[in-house]
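Have the model open next to you as you read.

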Amino acid sequence: MQNLDVGETISTPLIHFDATTGILEIQGESYPENVSKFYAPVIDWIRAYLLDSNHDCVLKMNVPYFNSSSSKVFLILFDLLEQNVQNGKRIHVKWICAQENEMAIECGEEFKEDLTELPFDIVLCE
Amino acid sequence: MEKLFGKERQVLKKAEELLRTSQFDSDADQKNYRILYEEYKVLLRQSIRVVHLADRVQLELKTLLQELEQISKIDPLTKLYNRSFFMNCYLEEWKKAEQAENSLSVLMVDIDFFKEYNDTYGHIQGDTCLQLIAEQFVKNITAYHGLAGRFGGDEFIILLPGTDLAGAELVSEKIIQDVRDLQLEHTGSKTFGKVTVSIGATAIIPTADIPFMSFLQHADQALYQAKRAKKNNVKPYIG
């Protein structure tokens, strides 16, 4: 399966999904003009990848700022991952935020609250 | 008002009730209904979460906006208005006074021998001196609904809406006295060996044909006269 690489722009994050290592990275601010259009290939890739692979998978998200539509996409994404965990997949989410970005930390805690089986760690960095 | 998502929760409750009492024509119907119910439950949870997240972000943005607004208005050292915000207020008050044919006063204030103060005591103590003096302005202009701004290094400007020249001179005298009463030692000063201020005062009833900037120049000229005279005094502008 091909990797998915999308360059970062001012309003969309960098996407780097590596099918070989199972490391999926989303990094940068997210407030696309058209959220569905931007994230449709991202969700599609993950869906296909999870069907295709039994590899352990880590989703690393470092999104310091995101709009409400992006948060809806993230919830869809986490639900998708949680379903896969329930079906036996080994998936781990790392929600990475700068120590001083309280907003991102609190949002990470909000996301975590809804998840029962998907491991979701808030990782603070300098 | 009921809870924000009260109606949605009622829908869920009703659906649960229906599933429990099995009022369905067939098992297939009941199964499909259950699938829809489960999907709705997930989507509702997502919607609630999105609203919570948005509230959180908006609150953060609102706080940041207030901080930025404060920074854009206030001189961080003296907590008086900065020059640009003061000028906005001045323009507004000028227009109000013109419409109401009311008088408006401006005081231009300068600390006597402040360069020497900084040279003698250092800039940190110089900053403290500026803060103490700014406090004397605030104390004396509050009753007049006045506005005080820091114009530059040790130069300040005070606006007194609805105040004539006699009132402006009175406020000036009180400020001069209060600064003197601070008894801040200033060996480099040629007045009392204490920190003092000079003030140029001017008053006007604005009209459309008077350029509002010229009024500030009047105050500046009066301040120049006060400094040239003996310092530690107020000089009114005599046009």
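The crossing of α2(A) and α2(B) is right-handed. This is a predicted model, so everything below is computed from predicted coordinates. The two helices in question are residues 68–86 of chain A and residues 27–73 of chain B, and they pack at about 140 degrees with axes 9 Å apart. That angle makes α2(A) oblique to α2(B), since the antiparallel label needs an angle over 145.

Who does the touching here? On the α2(A) side you'll find Ser68(A), Ser71(A), Lys72(A), Leu75(A), Ile76(A) and Asp79(A). Facing them from α2(B) are Val42(B), Leu43(B), Arg45(B), Gln46(B), Arg49(B), Val50(B), Leu53(B) and Ala54(B). Sort that contact of α2(A) with α2(B) by class and you get seven nonpolar, three polar and four charged residues.

Now zoom out to the whole interface. Chain B puts 13 residues in contact with 14 residues of chain A. About 1,500 Å² is buried between the two chains, and carbon and sulfur atoms give 55% of that area. Over in chain B, the residues that lose the most area to chain A are Arg49(B), Leu53(B) and Arg56(B), which together make up 43% of what that side buries.

| Helix pair | Angle | Axis distance |
|---|---|---|
| α2(A) and α2(B) | about 140 degrees | 9 Å |
| α1(B) and α2(B) | roughly 160 degrees | within 11 Å |
| α5(B) and α6(B) | roughly 140 degrees | within 9 Å |

Take α1(B) first, which spans residues 6–21. An angle over 145 counts as roughly antiparallel, and α1(B) and α2(B) are therefore roughly antiparallel to each other. Their crossing is left-handed. From α1(B), Glu8(B), Arg9(B), Val11(B), Leu12(B), Ala15(B), Glu16(B), Leu18(B) and Leu19(B) meet a set in α2(B) that includes Tyr33(B), Tyr37(B), Tyr40(B), Leu44(B) and Ile48(B). By class, the contact of α1(B) with α2(B) has ten nonpolar residues, one polar and five charged.

The other pair is α5(B), residues 123–141, with α6(B), residues 165–181. Their angle makes α5(B) oblique to α6(B), and the crossing is right-handed. In α5(B), the residues involved are Ile133(B), Gln136(B), Phe137(B), Lys139(B), Asn140(B) and Ile141(B), and they meet Val171(B), Lys174(B), Ile175(B), Asp178(B) and Val179(B) in α6(B). The contact of α5(B) with α6(B) splits into six nonpolar, two polar and three charged residues.

Notes:
Residues numbered from 1 in each chain as written. Chains lettered and ligands numbered in written order. Predicted model: local features only at pLDDT ≥ 70, side-chain atom pairs only at ≥ 80, totals over all residues. Heavy atoms only, no water. Axes fitted to C-alpha atoms, helices over the stretch in contact; angles between N-to-C directions. Helix = DSSP H or I, 4+ residues; strand = E, 2+ residues; numbered from the N terminus. Parallel < 35°, antiparallel > 145°, perpendicular 65-115°, else oblique. Left-handed = near helix turned anticlockwise from the far one by under 90°. Contact = heavy atoms within 4.5 Å. Nonpolar A, V, L, I, M, F, W, Y, C, P; charged D, E, K, R; others polar. Buried area = accessible area lost by both parts, 1.4 Å probe.
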